[in-house]
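Hi,

Here is the model I promised to pass on. Have a look at it first, and then read my notes below.

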Amino acid sequence: MSNVLRLAIVDPNDATRDSLKTMLLGMDRVWLEAECSRYEFFADVVAQTHPDIGIVTLDQDPDKALELVHRVNETSPECSILVLSSSSDGKLILRAMRAGAKEFLSQPLRLQDLLDSLERISDRKFGRGEAKARGSSVIAVAGATGGVGATSLAVNLGCALAQDPKNTVALVDLDLCLGDADVFLDTIPDYTLVDVAQNVTRLDFALLKRSLTKHSSGLFLLPRPVQMEDMSLVTPDDLQRVIGLLKATFTHLVLDLSKSYSPLDQVALQLASHILLVTQLDLPCLRNVVRLMMSFGNMKGVADKVKIVVNRVGLDNGNISLKKAQDTIGREIFWQLPNDYRTMVEVRNNGVPLVEQAPKAAITHSIVSLAQALSGAAATAEGEEEAAKSSSRSRLLGFWPVKGKDKGSKPPSPAK
Ligand SMILES: Nc1ncnc2c1ncn2[C@@H]1O[C@H](COP(=O)(O)OP(=O)(O)OP(=O)(O)O)[C@@H](O)[C@H]1O
Ligand SMILES: [Mg+2]
């Protein structure tokens, strides 16, 4: 449970307590330890359940509630108190702080304010490193040219990540014009990125999850808009907010970028923890990788996050060796995905992901190993070292030797 904030709440008003509860229950990294409708019982509840945070709503009886805050602060100092009130009277705020409250939030409660408060309390309580460890891993999948296999990777990587019960994973289709992630998952979603972007300030977590389509693999999908003309309704600011909200809800976000490197794609690149740049071993692709890397170099922090993924290794489409490609790009190749046209077309046409349609195929094996490598890299905040270890291991796991003739050979089995 070290990754979860444990909470207890007290609010004698059933309606406001229920809406607070609904908001909290939608948050994956919050565990509602106890709820209480009477101020007089709450100190005992906290003493018995030891939550990290106690939320006290003042409105019903501010004097009684502040006395309670004072008491909990004395008897259970390890529990940080956050108070809620529909009054923003300066005197009341001062009294709450003097009683020992760590945070004061106004009703009606805005999701973002609650998140910020929890984050501040978490930072103070566990330190920044821990807070970072609680964060979500954002994986942007970009491509060096059209049809390079970016969506195939994004969808199947999302499904592979979702196989681990510790993960909660969402895929956002950022190809607003021609995106086809919904086809890969054979779903007809009720809501799209436009709906979520337009309502982002009003959404709570439960509503957010209901707006996404859950696939049988466990992956949640937020698809592109239905109508092409709705593309312009999503601004870079909206997308930033949507990603922020999704990050607070999911352990992993996979973003399938368009090939236009639009302002929205650039937001995704900026917010990503990892950028998988998918290429193939042909000249136009490799030239684009070089060009893209030059542009990424001008975007703060972006180039360092790029991991080159060579797709369709073994396809005889230009006779460029991996070594030559690596020399041309001037960058290490992070991962290789074998060529398997028949399986890939099948999974797309059937709308069934690799982990379900072809669990034993070499391409599935390689994507599952990539998911593990990326999860390992994102799992700890001490992280960098861990990530380095994991990525060198992952390179070993994912390596698919290409010497022109070994198209039919299998990738090495992953190290245990
Ligand atoms: N490893 C692979 N082996 C063989 N075929 C593949 C592989 N990966 C993807 N493909 C095939 O390549 C084609 C394009 O794949 P996909 O739609 O994923 O690419 P994309 O980069 O998302 O394209 P777009 O630019 O249209 O968004 C599909 O027919 C897919 O089945
Ligand atoms: Mg695509």
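Predicted model: local features only at pLDDT ≥ 70, side-chain atom pairs only at ≥ 80, totals over all residues.

A salt bridge, in what follows, is a side-chain nitrogen of Lys or Arg within 4 Å of a carboxyl oxygen of Asp or Glu.

Residues are numbered from 1 along each chain as its sequence is written, chains are lettered from A and ligands numbered from 1 in the order in which they are written, and side-chain values use heavy atoms, with hydrogens and water left out.

**The chain as a whole**

The secondary structure comes to 18 helices and 13 strands; helices (H or I, at least four residues) and strands (E, at least two) are DSSP runs, numbered from the N terminus. Of the 416 residues in the chain, 53% count as buried. Buried means under 20% relative accessible area, exposed means over 50%, and partly exposed is in between (1.4 Å probe, protein chains only). The chain exposes about 19300 Å², and carbon and sulfur atoms supply 51% of that area. Accessible areas come from the Shrake-Rupley method with a 1.4 Å probe; for residues, only the protein chains shown count as cover.

Contact means heavy atoms within 4.5 Å. Among contacts between residues at least 6 apart in sequence, 74% join residues at least 24 apart.

**Salt bridges**

The structure holds 13 salt bridges. Arg17 is buried, with a relative accessible area of 10%, whereas Glu35 is partly exposed at 37%.

Another salt bridge joins Glu103 to Arg120, with the closest N and O atoms 2.8 Å apart. Glu103 lies in strand S5 (residues 103-106) and Arg120 in helix H5 (residues 111-126), so the pair ties together parts that are 17 residues apart in sequence. Glu103 counts as buried at 6% relative accessibility, and Arg120 counts as partly exposed at 38%.

Arg38 and Glu40 also form a salt bridge, their closest N and O atoms being 3.3 Å apart. Here Arg38 is partly exposed, with a relative accessible area of 40%, and Glu40 is partly exposed too, with 33%.

**Helices H11 and H12**

Two packed helices are described by the angle between their axes and the distance between the axes. The axes of helix H11 (residues 236-249) and helix H12 (residues 263-271) come within 9 Å and cross at roughly 35°. Axes are lines fitted to C-alpha atoms, for helices over the stretch in contact, and angles run from 0 to 180 degrees between N-to-C directions.

Which residues of H11 and H12 meet? On the H11 side they are Pro236, Leu239, Gln240 and Ile243, and on the H12 side Pro263, Leu264, Val267 and Leu271. By class, this contact has 7 nonpolar, 1 polar and no charged residues. Ala, Val, Leu, Ile, Met, Phe, Trp, Tyr, Cys and Pro count as nonpolar, Asp, Glu, Lys and Arg as charged, and the others, Gly among them, as polar.

In H12, Leu264, Asp265, Val267, Ala268 and Leu269 are buried. The buried residues of H12 pack against strand S6 (137-143), H11, S10, strand S11 (274-279) and helix H13 (283-297).

Thr251 sits in the loop between H11 and strand S10 (252-256) and counts as buried at 18% relative accessibility. Not counting residues up to four places away in sequence, Thr251 touches Arg29, Ser136, Ser137, Lys166, Asn167 and Thr168.

Asn288 lies in helix H13 and counts as buried at 16% relative accessibility. Leaving aside neighbours within four places in sequence, Asn288 is in contact with Ala144 and Thr145.

Leu233 is in the loop between strand S9 (220-222) and H11, and counts as partly exposed at 35% relative accessibility. The C-alpha atoms of Leu233 and Leu193, 40 residues apart along the chain, are separated by 9.6 Å.

Best wishes
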